[in-house]
Amino acid sequence: MGVRVSYHRVPLACVMSLRESVEAMRRFVYFDVEESLTQGIDIDKAWDGLHYLLDPARRATCCDHPQTTRGRMVLGGEVVNATFSKADDFMARVLSPPEIQHAVLDLALLTESDLYSTMDWQAMMNHPDPNMRVYGPHAGQVYDPDRGVSIVVGKDGWFAWYWHHFVALRDFYRDVADSDDCVIVLKD
């Protein structure tokens, strides 16, 4: 269990209809996404560690609203439909084509060693404020899809898991940037 985040490539016209209708938003989230009618990826719970590693504001405070381009890449930008988000306890945020293109340019500069240098293992695991702790490191194990089991890992193992999801997310955004589509980020 726990909070998951997924990313969905959506035409701008669709985003406009989702903004205007709670029912359209519910249909999108509960049927279209579930039936894989949108192109997207799910990074499971890696979003929390990636948000921590990519957004300096996340490392400084517990904020659920991203403060930087890299943070918005993980948690999205503007709320798609505020009525839906409040009623369904669901976060749905959208990134526009210009925001996606800006993020892609920024992420192209980020190396594995750059991202690793932001990993403060102790703060991620043991922050005195439980809300500041990052999913994963304090749990001590990660699911290995190749083996089909959960394995115990240390700092380097967790980083490899985060890096794997970062690369998938970066590549997803790179593909979307070649179009006029938006990305809807769903956190549930």
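Two strands count as paired if DSSP finds at least two bridges between them. Strands (E, at least two residues) and helices (H or I, at least four) are DSSP runs, numbered from the N terminus. The model is predicted: local features need pLDDT of at least 70 and side-chain atom pairs count only at pLDDT 80 or more, while totals for chains, interfaces and linings use all residues. Residues are numbered from 1 along each chain as its sequence is written, and side-chain values use heavy atoms, with hydrogens and water left out.

Five strands in the order 2-1-7-4-3 make up an open sheet with antiparallel pairing. Its edges are strand 2 (39–42) and strand 3 (78–79), each of which pairs on one side only. Helix 10 (residues 155–177) packs on this sheet and touches strand 1, strand 2, strand 4 (91–95) and strand 7; contact means heavy atoms within 4.5 Å. The direction of helix 10 makes about 15 degrees with that of strand 1, where axes are lines fitted to C-alpha atoms, for helices over the stretch in contact, and angles run from 0 to 180 degrees between N-to-C directions.

Strand 1 (residues 5–10) is joined to strand 7 (residues 182–187) by six bridges, and the two run antiparallel. Strand 4 also pairs with strand 7 in the antiparallel sense, over five bridges.

| Residue | Opposite residue in strand 7 |
|---|---|
| Tyr 7 | Val 185 |
| His 8 | Ile 184 |
| Leu 95 | Val 183 |

**Burial around strand 7**

Buried means under 20% relative accessible area, exposed over 50%, and partly exposed in between (1.4 Å probe, protein chains only). Six of the six residues of strand 7 are buried. Cys 182, Ile 184 and Leu 186 lie on one side, and Val 183, Val 185 and Lys 187 on the other.

Ser 96 sits in the loop between strand 4 and helix 7 (97–108). Ser 96 counts as partly exposed because its relative accessibility is 26%. Its C-alpha atom is separated by 4.9 Å from that of Cys 182, 86 residues apart along the chain.

**Nonpolar cores**

A nonpolar core is a set of buried Ala, Val, Leu, Ile, Met, Phe, Trp, Tyr and Cys residues joined through side-chain atoms within 4.5 Å. The largest has 39 residues, of which Tyr 7, Tyr 162, Phe 166 and Tyr 173 touch the most other members. Helix 10 supplies the largest share of this core, 11 residues. A second, separate core of 14 residues includes Val 15, Val 80, Ile 184 and Leu 186.
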